[in-house]
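Colleague: I would like to learn how to read the side chains in a model like this one. Could we go through a few features together, with the general idea before each case?

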Amino acid sequence: MNSLFSGGSVKVNCQATNGKSPAFAVYYKQLKQNGWTVVQDYSTNKTVTITPRTITDYAVKVKARDADGTVSEKYLHFSVIKKLVNQSEISAAEIRLGSSVDVTCKASFGKAPYSYAVYYKQETQEKWTRLQDYSTRNVVKVTPKAAKKYRIRVEVKDALGSTAEKELSVNVLEDFVNCSSLQKSEAYVKTDVRVTLVSVRGKGSVQYALYLKKASETKWKCLQNYSNQSYTYVNIASAGDYTVRVKAKDGSGRIAVKDLTLTILPLPFENCSSIRTPQIICGETAVVDCNAVGDESSMPYQFAVFYRRQGNTSWTCIQSYKANQTVTFSPTESGDYVVRVKCKDARNLVSDKDLYLAVTR
């Protein structure tokens with residue numbers, strides 16, 4: 001008895017011998033039913049296609065009638081079965097390095113018995129490693145050798161030679177895992193981006209070091225030596241694509257590395273502030289013109305102004321954030337000064353500009 005999958009068709013090839021100019025009639029029915037369905041009444045057509053709709057066993061009756069009216073019958077049989085389905089599973093989607101995962105090979109429909117072949121590879125690699133050629137053994141143990149993501153492929157073959165594939169995945173974690181993350185993947189220049197420093201399965205106290213480089217470069221800049229703090233910030237002055245590297249070191253000295261991607265965008269506005277007269281005599285008034293240009297979404301702007309003598313570290317505030325664009329002050333001592341204008345836009349983005357003032361006697 002021939003078999004075909006649900007939705008398929010079977011072709012009946014009509015042939016007869018020892019008769020003249022035979023014509024053929026073709027009928028079919030489910031074996032459990034009595035009535036026949038006419039597929040073709042007597043015709044010289046020798047190829048008839050039957051497309052059954054139900055999954056069951058069928059009978060086909062072919063009648064051959066020659067020119068003299070002599071009739072000969074022949075009965076054929078076929079079965080309609082469901083298409084082979086691969087139902088294989090794995091015992092876990094995530095394991096630690098050094099552990100194993102069990103692949104349970106299962107199938108349904110098609111035609112039993114089934115045999116299974118199993119392969120695996122690292123997700124980023126092309127070549128598969130064969131763990132088992134076609135066999136009736138249905139449980140296969142996989143022990144990955146690296147902390148990577150793996151693909152597992154199970155192929156099932158039934159008694160009719162039909163095959164069905166299924167791919168599964170397992171993520172192999174390092175025993176000590178760095179789970180640090182960035183607050184956001186995009187930020188404007190000179191904007192604080194929080195780095196959350198966290199790890200799992202470390203022994204004892206865990207410390208973190210932070211490094212930064214442009215994506216297009218190879219040299220790393222150390223932003224923070226090993227510390228036990230749970231968060232820190234990065235603030236980058238130039239636009240571009242960057243990689244933030246977090247190194248986590250546990251009490252046993254093991255190090256787990258996590259690379260994070262950060263895109264720094266230019267500010268949508270420019271701080272164009274200036275000092276009207278960059279050199280004045282002590283006692284005269286210095287005038288700071290606060291200004292900015294940018295798109296409409298940045299407006300309105302507010303300005304804060306500070307100053308200090310060069311060589312000093314503390315700033316004196318002349319104006320806190322206001323819309324006022326003309327700020328004056330009168331230094332009481334001669335010397336060189338730094339005037340810092342902070343421009344804040346409607347989104348609270350801030351752009352600093354340092355100006356220089358010489359005060360003479």
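Modeller: Let us start with a charge over a ring, which is counted if NZ of Lys or CZ of Arg is within 6 Å of the ring centre and within 35 degrees of the ring normal. Here Lys61 lies over the face of Tyr27, at 5.2 Å from the ring centre, and the charged end of Lys157 sits over the ring of Tyr134, 4.3 Å from its centre. Please keep in mind that this is a predicted model, in which local features need pLDDT of at least 70 and side-chain atom pairs count only at pLDDT 80 or more, while totals for chains, interfaces and linings use all residues. Residues are numbered from 1 along each chain as its sequence is written, and side-chain values use heavy atoms, with hydrogens and water left out.

Colleague: How many aromatic pairs are there, and how is such a pair described?

Modeller: A pair of aromatic rings is described by the distance of the centres and the angle of the planes. Rings of Phe, Tyr and Trp (its six-membered ring) pair if their centres lie within 6.5 Å, and planes under 30 degrees apart count as stacked, over 60 as edge-to-face and the rest as tilted. By this rule there are eight aromatic pairs. In one of them, the rings of Phe269 and Tyr301 have centres 5.5 Å apart and planes at 40°, so the pair is tilted. The rings of Tyr307 and Phe329, with centres 4.6 Å apart and planes at 25°, are stacked. This second pair links distant parts of the chain, since Tyr307 is in strand β33 and Phe329 in strand β35, 22 residues apart; strands here are DSSP runs (E, at least two residues), numbered from the N terminus.

Colleague: Is Phe329 buried or exposed?

Modeller: Buried means under 20% relative accessible area, exposed over 50%, and partly exposed in between (1.4 Å probe, protein chains only). Phe329 has a relative accessible area of 8%, so this residue is buried.

Colleague: Which residues have the most contacts inside the largest nonpolar core?

Modeller: In soluble globular proteins, nonpolar side chains tend to be buried together. A nonpolar core is a set of buried Ala, Val, Leu, Ile, Met, Phe, Trp, Tyr and Cys residues joined through side-chain atoms within 4.5 Å. The largest one has 42 residues, and Val195, Val288 and Leu357 have the most contacts inside it. Leaving aside residues up to four places away in sequence, Val288 touches several residues (heavy atoms within 4.5 Å), including Val339, Leu355 and the ring-paired Phe329. Apart from this core lies another, of 21 residues, among them Val140 and Tyr150.

How values were computed. Helices (H or I, at least four residues) and strands (E, at least two) are DSSP runs, numbered from the N terminus.
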